[in-house]
Every structure is written in C-alpha cells, then in structure tokens.
Amino acid sequence: MVTRDQDSAPAELYNAATRSVVSWLGVLLGISSINHGVLEMMQGNAPTPGSFVKALGPGHSWTLWVHGGEPAFTLVHNFLLTGILATAIGILLVIWSVGFIGRRGGATIFLLLSISSFLVGGGLAQVLLFTFNWAAATRIRASLGFWQWITPPVLRRTLAKVWRPALIAAAILFLAALEIATFGILPGLPHHTETLTRTLWRLAAAIIAAVLLAILAAFAHDIEARGTKLPR
C-alpha cells in the first residue's frame, strides 16, 4: 500500500527502512520529552532554580532518586509551564514522527520540534540522538549514493539484514534507561544510586551504538532493496 509520504516521490527515491527507523526513534524521543514534562508539572506552579533543572523533583517515595534527577534545560523558569510545553511538544514529536516526517521538509520540522523540546525542559540527553535522527531523516528521499560507494557489497548485504534487530535493541535500551532514570528500579539491578548511575552511562553508550547501527543498516537495506547503481 502506498502511503501519503510516497505519493509525490518516485519509489526509487523513497527509503522505507530509513523512514521506519527515523519514525520509531522520533516516537521514543517524543516519549522522553513527555516524561520530562510530566515530572516537571508534578513540581507544581513553582519557579525553577535557573535554566538547568532536574525534571524529577526530590522527595518522592515511588523513586529511588530521592534527591531528584533527569537533568534538563529550560528558558521558561516555571516548573508547571515548562512541563506543559515539554509535554505538548513531545506529543507533537510523536505525531510528526509517525505521520509526517517522511514528507518533504519533514526532517526540518522534526529538528525544530526537537530543539524546542530541549529549550523547554524536554531533556539534555536527547540532544545527540535527535541530531542523529534528523540527519537520517534528511536521507529518506536521498539516493544514498555516497553510502553505496563507501560500503563494500558484502558488508552492505550483512548490514541490510540487521536494521530491525538493531532498532528493536535501541528501543529496548532507550526505554530501560528512561525507566531507570525515572524510578531507579529495574529487575536484576541493585537499588543503589551509584550503581544505577553507572548503569545509565553504560546504557547511554549502548543506545548510541544501537541507534547508529540501526540507521546505517537501514541505509544498507534501502540500497539493496533498490537494486540499482546509484550516482555518488
């Protein structure tokens, strides 16, 4: 079935695997912004201590992070307002990633929404990921000729088979990190903040690796699926 995003583009210039990876990663980033926003709203109609804040406030019995956590940056120095904005933009990120990011100009709108989320408390850790995702989104309608040129055929065929597993791994790792950052609890891990902090750093490295692998593997899959020689 042809989607709305494909209607106005030649099939050979529409990279479906890349579109799928970018959409799912965009949804995850939107969920993270919503998570930060809800936690900020829970701190009530109170001023922030400055531009750098903790989305998760101190003193909650349902989280191991008794002193708060989830660092964020905001230009809106009120927890309730910045939380509302981060949540609203997170919802827009999810909607845009699912329905519109494959359109012409879709990557630009995604980048603007992501930057807006960052500026109103949507989280610090997502900056690198939304930059990667935006760069990949600009390739949804590209020839990918450069990537075909620099990747040997054997490597490309191998990568083409793993874009879905890599994307699933990235999603699982991302959601696990978000759960730990919010509640401080994950089955099998000790309930100790220092251990959990080290775990979060390891997860961050694993997420970046899985995201990059998913993107590059999607490129490889789309090149192989096209089956034609592309210009550089």
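Author: Let us begin with a definition: a residue counts as buried when its relative accessible area is under 20%, as exposed when that area is over 50%, and as partly exposed in between. Please also keep in mind throughout that this is a predicted model.

Reader: With that cut-off in hand, is Leu144 buried or exposed?

Author: Leu144 has a relative accessible area of 2%, and it is therefore buried. Its place is in the loop between α5, residues 126-137, and α6, residues 145-150.

Reader: What about the backbone of Leu144, and what is its phi?

Author: The general idea comes first: most residues other than glycine have a negative phi. Leu144, although it is not a glycine, has a positive phi of about 60 degrees. Glu70 is another case, with a phi near 60 degrees, again a positive value in a residue other than glycine.

Reader: Where does Glu70 lie, and why does it count as buried?

Author: Glu70 belongs to strand β2, which covers residues 69-73, and it counts as buried because its relative accessibility is 7%. Pro71 is also placed in strand β2, but with a relative accessible area of 48% Pro71 is partly exposed.

Reader: Now I would like to look at a helix. How many residues does helix α3 have, and how far does it reach?

Author: One way to read a helix is to compare its span with the span expected at 1.5 Å a residue. Helix α3, residues 79-99, has 21 residues and reaches 30 Å from its first C-alpha to its last, which is close to the 30 Å expected. At its N-terminal end α3 is capped by Asn78, where a side-chain oxygen lies 3.0 Å from the backbone nitrogen of Leu80.

Reader: Which residues of α3 are buried?

Author: The buried residues of α3 are Phe79, Thr82, Gly83, Ala86, Thr87, Ile89, Gly90, Leu93, Ser97 and Gly99. Take Thr82 in this helix as an example: its relative accessible area is 1%, so it is buried. The side chain of Thr82 also makes a polar contact of 2.6 Å with the side chain of Thr74.

Reader: How should I describe the way α3 meets helix α4, and what is the angle between their axes?

Author: For a pair of helices, look at the distance between the axes, then at the angle, and then at the handedness of the crossing. The axes of α3 and α4, the latter being residues 106-119, come within 9 Å and cross at roughly 160 degrees. That angle makes α3 roughly antiparallel to α4, since angles over 145 degrees count as roughly antiparallel. The crossing in which α3 passes α4 is left-handed.

Reader: Which residues could I look at in the loop between them and in α4 itself?

Author: Ile101 is found in the loop between α3 and α4, and with a relative accessible area of 1% it is buried. Ile101 and Gly59 are 42 residues apart in sequence and 39 Å apart in space, taken from C-alpha to C-alpha. In helix α4 you will find Phe118, which is partly exposed, with a relative accessible area of 22%. Phe118 and Arg139 are 21 residues apart in sequence, and their C-alpha atoms are 23 Å apart in space.

Reader: What does Ala206 show, and how far is it from Leu173?

Author: Ala206 is found in helix α9, and at 29% relative accessibility it counts as partly exposed. Ala206 and Leu173 are 33 residues apart in sequence, while in space they are 7.4 Å apart, C-alpha to C-alpha.

Key: Residues numbered from 1 in each chain as written. Predicted model: local features only at pLDDT ≥ 70, side-chain atom pairs only at ≥ 80, totals over all residues. Heavy atoms only, no water. Helix = DSSP H or I, 4+ residues; strand = E, 2+ residues; numbered from the N terminus. Expected span 1.5 Å × (residues − 1). Buried < 20%, exposed > 50% of the residue type's maximum accessible area, 1.4 Å probe, protein only. Polar contact = N/O pair within 3.5 Å; in protein donor to acceptor, adjacent residues only side chain to side chain. Axes fitted to C-alpha atoms, helices over the stretch in contact; angles between N-to-C directions. Parallel < 35°, antiparallel > 145°, perpendicular 65-115°, else oblique. Left-handed = near helix turned anticlockwise from the far one by under 90°.
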